[in-house]
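Me: I am new to this structure. Please take me through it in short questions and answers.

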Amino acid sequence: MHLPGHPFAHVQEEIDFFKRVKPQFDALRIYYIGKYDLEIRMPVADTESLKEFYREELRTLQRFFRHVCFYYEYYRLGATELDRLYFVRGAEAPGVLLPELPDQDPGFSTAGDYLFAKIIAYERLQGDLLRAVGALDPAYKGRAETAEELPALKWTGDKVNLVEVIYAIYFTGQLNHGNADLSLIIRFMEKHLEIDLSRAYRDFIDIRNRKISSPSRYIDQMRESIHKRVDDDLAFKVSRKNSSKPGGYG
């Protein structure tokens, strides 16, 4: 299918269609198929079993979001730099970043439109599951805490170092029981550390492709600093202990 009756006037119109219009319709189909699948697999069981079922489904969705984290971040941040690769028919998108997708009609699909549809549908399913768990376990929703006013903190180190930390937090599932998505963590850091992270996904690609240094260079430096401080503290304690003994100064 080549939309013969409605040719695109220019490339940007084609991008808008395959990035914003078509995925919304495909997402509806993916969402309702997924919702039906959940309903037929849902156990007729006690509350604890139901909660575990919902949580396992949430973990499955999180594994998907982690697997496509580059695209998910691109979607959530509204990035545009790679639109001509991902949302123009016939464009050669870098295969190393593309997850495996079902065969599509090349005249009516691009490298990224189906994946965007899947992200939209899975976000909606994730919201359904979170509400279902919250209805069974109100504590899961989290509790608002009043905190004293604290002075603002601003990230003044290299931006790429913060990106490295953000991805480490995300990949190890440290926030919201592992359910915090990457773009949320990025927006949180942007807001609270007063830094522009709009290129975070590009920075991580650069980190991943480092030829000489480690992809976890900054985290390696953090580890070395912590080890040095611990070693220094232990050495200081031993020195104090020895100096308190008779003749400790020789």
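Me: Which residues form a nonpolar patch on the surface, and about how much accessible area do they have together?
Reply: This is a predicted model. The patch is nonpolar and lies on the surface. Its members are Ile-226, Val-230 and Leu-234, and together they have about 270 Å² of accessible area.

Me: Is Ile-226 buried or exposed?
Reply: Ile-226 sits in helix H9, which spans residues 217–243. Its relative accessible area is 52%. The cut-off for exposed is over 50%, so Ile-226 counts as exposed.

Me: How many helices and strands are there in the protein chain?
Reply: From the N terminus on, the elements run α-α-α-α-α-α-α-α-α. The count for the protein chain is nine helices and zero strands.

Me: What percentage of the 250 residues counts as buried?
Reply: The protein chain exposes about 16000 Å², and carbon and sulfur atoms supply 56% of that area. Buried means under 20% relative accessible area. Of the 250 residues, the share that counts as buried is 36%.

Me: Which residues touch the most other members of the largest nonpolar core?
Reply: In soluble globular proteins, nonpolar side chains tend to be buried together. Here the largest nonpolar core has 56 residues. Those that touch the most other members are Phe-65, Tyr-122, Ile-166 and Leu-197.

Me: Which element gives the most to this core?
Reply: Several helices give two or more residues to the core, among them H1 (11–41), H2 (47–67) and H5 (113–136). H6 (159–171) and H7 (182–193) are also on that list. The top contribution is 12 residues, and it comes from H5.

Me: Leaving aside neighbours within four places in sequence, which residues are in contact with Tyr-122?
Reply: Tyr-122 is one of the core residues that touch the most other members. With neighbours within four places in sequence left aside, its contacts are Ile-30, Leu-61, Phe-64 and Phe-65.

Me: What share of the contacts with a separation of 6 or more comes from residues 24 or more positions apart?
Reply: The total here takes in contacts in the protein chain with a separation of 6 or more. Residues 24 or more positions apart account for 71%.

Me: Is Lys-22 buried or exposed?
Reply: Lys-22 lies in helix H1. Not counting residues up to four places away in sequence, it touches Phe-17, Gln-104, Phe-108, Ser-109 and Asp-113. Its relative accessible area is 7%, so Lys-22 is buried.

Me: Which residue forms a salt bridge with Lys-22?
Reply: The closest N and O atoms of the pair are 3.2 Å apart.

Me: Where are Arg-76 and Glu-123, whose side chains meet in a salt bridge?
Reply: The bridge is 2.8 Å from N to O. The pair links distant parts of the chain, 47 residues apart. Arg-76 is partly exposed at 27% relative accessibility, and Glu-123 is partly exposed at 22%. Arg-76 is in helix H3, Glu-123 in helix H5.

Me: Which residues of H3 are buried?
Reply: H3 is followed by Gly-78, whose phi is positive, near 65 degrees. Within H3, the buried residues are Cys-69, Phe-70, Tyr-71, Tyr-72, Glu-73 and Tyr-74.

Me: How far apart in space are Glu-194 and Ala-152, C-alpha to C-alpha?
Reply: Glu-194 is found in the loop between H7 and H8, and it is partly exposed at 43% relative accessible area. Leaving aside neighbours within four places in sequence, its contacts are Ala-152, Leu-153, Lys-154 and Met-189. Glu-194 and Ala-152 are 42 residues apart in sequence, and their distance in space is 8.8 Å.

Conventions
Residues are numbered from 1 along each chain as its sequence is written. This is a predicted model: local features need pLDDT of at least 70, side-chain atom pairs count only at pLDDT 80 or more; totals for chains, interfaces and linings use all residues. Side-chain values use heavy atoms; hydrogens and water are left out. A nonpolar core is a set of buried Ala, Val, Leu, Ile, Met, Phe, Trp, Tyr and Cys residues joined through side-chain atoms within 4.5 Å. Buried means under 20% relative accessible area, exposed over 50%, partly exposed in between (1.4 Å probe, protein chains only). Helices (H or I, at least four residues) and strands (E, at least two) are DSSP runs, numbered from the N terminus. Contact means heavy atoms within 4.5 Å. Patches are made of residues with over 30% relative accessible area and no salt bridge: like charges are joined within 9 Å, nonpolar side chains (Val, Leu, Ile, Met, Phe, Trp, Tyr) within 5 Å. Accessible areas come from the Shrake-Rupley method with a 1.4 Å probe; for residues, only the protein chains shown count as cover. A salt bridge is a side-chain nitrogen of Lys or Arg within 4 Å of a carboxyl oxygen of Asp or Glu.
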